[in-house]
Each structure stands twice: as C-alpha cells, then as structure tokens.
Amino acid sequence: MLFALFLSALTSATILPGTSEAALAALIASGDHAIWLLVLVATVGNVLGSLINWWLGLYAEHFKHKRWFPVSAEALDRASHWFGKYGLWSLLLSWLPIIGDPLTLFAGVMRVRLLPFIILVTIGKAARYAMIAGGATGLSNMFSG
C-alpha cells in the first residue's frame, strides 16, 4: 500500500492524473501505518514527480516551436515572465491544484538551481500532506469515538 501511495503522489505531481490526497486519507483511516510514514512517502513521491516536471522544463525551450508542443510559445513566454516576476518563492505554492505543476515545469524553464527547487517544493508539498493528515486524523477520531 505504501508503494501505491508513492505512485499516486508521483503521478499527481505530473500531467498524469493521480489522487494522492484520497489515498493518503484512506491509508490514515485504515490505521495500518504510522501517519508520519504516510506523509513522508506521499511527500517524497510528489517531490519526485515535481522533479520530473523541472527536468522537462529544462528542455521545453528546445521544443516550443514544434507543432506538437502542447503550450504555445506565447503562453510559455507569459508563464516565464510571471515566474520571473514572482520568483523562486512561488515554488512554495507548488502544492496548489492547477498552478502547482506548471510552476515546477517553469522552474526548469527558468533554470532554477536544483537544491533551492527541492527545498522549497518539499516544504510546500510536506505542509499540504501534513494538513491533509491532520484533517483525516481529526475526521477519523470524530467518527470512531
């Protein structure tokens, strides 16, 4: 089950669909694993997924004029400008739905160094999973006793 949580968290951070929050909450409710371990596994998987986005971003510029590229050159330039304006600290928001995954991709486009990327993304993702774990634990306690 831990590997399933890891895979769900990893895919949730990429363009592939994932339901890591639901998987985390379900595993917490089962009571079969320590909560800290579940949060750690989900965080590591999600950060690794974000690293895939970062890596893809490093090479996105080479393909932006290709017909099959999924983002227009103008949209890529706008997003790069936005990331340049708000900077490195915006990676703390990489946990947000819809904008989080593109943030990690554009961090690669903008050539953000790996260590600051990992630190900021890990803080954001770990905080999200910790909040989900707290909420799931609270709900579980409320309905079990």
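Predicted model: local features only at pLDDT ≥ 70, side-chain atom pairs only at ≥ 80, totals over all residues.
## Helix α2 and what follows

Let's step back into the helix itself. Helix α2 covers residues 20-30, and its buried residues are Ser 20, Leu 24, Leu 27 and Ile 28. Looking down the axis of α2, these buried residues fall within an arc of 100 degrees, so they line one face of the helix. Their packing partners are α1 (2-12), α3 (35-60) and α6 (114-144).

## Where α4 meets α5

Next comes a helix pair. Helix α4 (residues 73-86) packs against helix α5 (residues 100-109) at an angle of about 90 degrees, and their axes are 10 Å apart. That makes α4 roughly perpendicular to α5.

On the α4 side, the contact is made by Leu 76, Ala 79, Ser 80, Trp 82 and Phe 83, while α5 brings Leu 103, Phe 106, Ala 107 and Val 109. Sorted by class, this contact has eight nonpolar residues, one polar residue and no charged ones.

## The nonpolar cores

The largest nonpolar core has 17 residues, and the members touching the most others are Trp 54, Phe 83, Leu 91, Phe 106, Ala 107, Val 112 and Phe 117. Two or more residues each come from α3, α4, α5 and α6, with α3 giving the most, five residues. Apart from this core lies another, of twelve residues, including Ala 9, Leu 24, Leu 27 and Ala 136.

Leu 91 is worth a visit in the viewer. Leaving out residues up to four places away in sequence, Leu 91 touches Phe 83, Leu 103, Thr 104, Ala 107, Val 112, Phe 117, Leu 120 and Val 121.

Key. Residues numbered from 1 in each chain as written. Heavy atoms only, no water. Buried < 20%, exposed > 50% of the residue type's maximum accessible area, 1.4 Å probe, protein only. Helix = DSSP H or I, 4+ residues; strand = E, 2+ residues; numbered from the N terminus. Arc of directions from axis to C-beta. Contact = heavy atoms within 4.5 Å. Axes fitted to C-alpha atoms, helices over the stretch in contact; angles between N-to-C directions. Parallel < 35°, antiparallel > 145°, perpendicular 65-115°, else oblique. Nonpolar A, V, L, I, M, F, W, Y, C, P; charged D, E, K, R; others polar. Core = buried A, V, L, I, M, F, W, Y, C linked by side-chain atoms within 4.5 Å.
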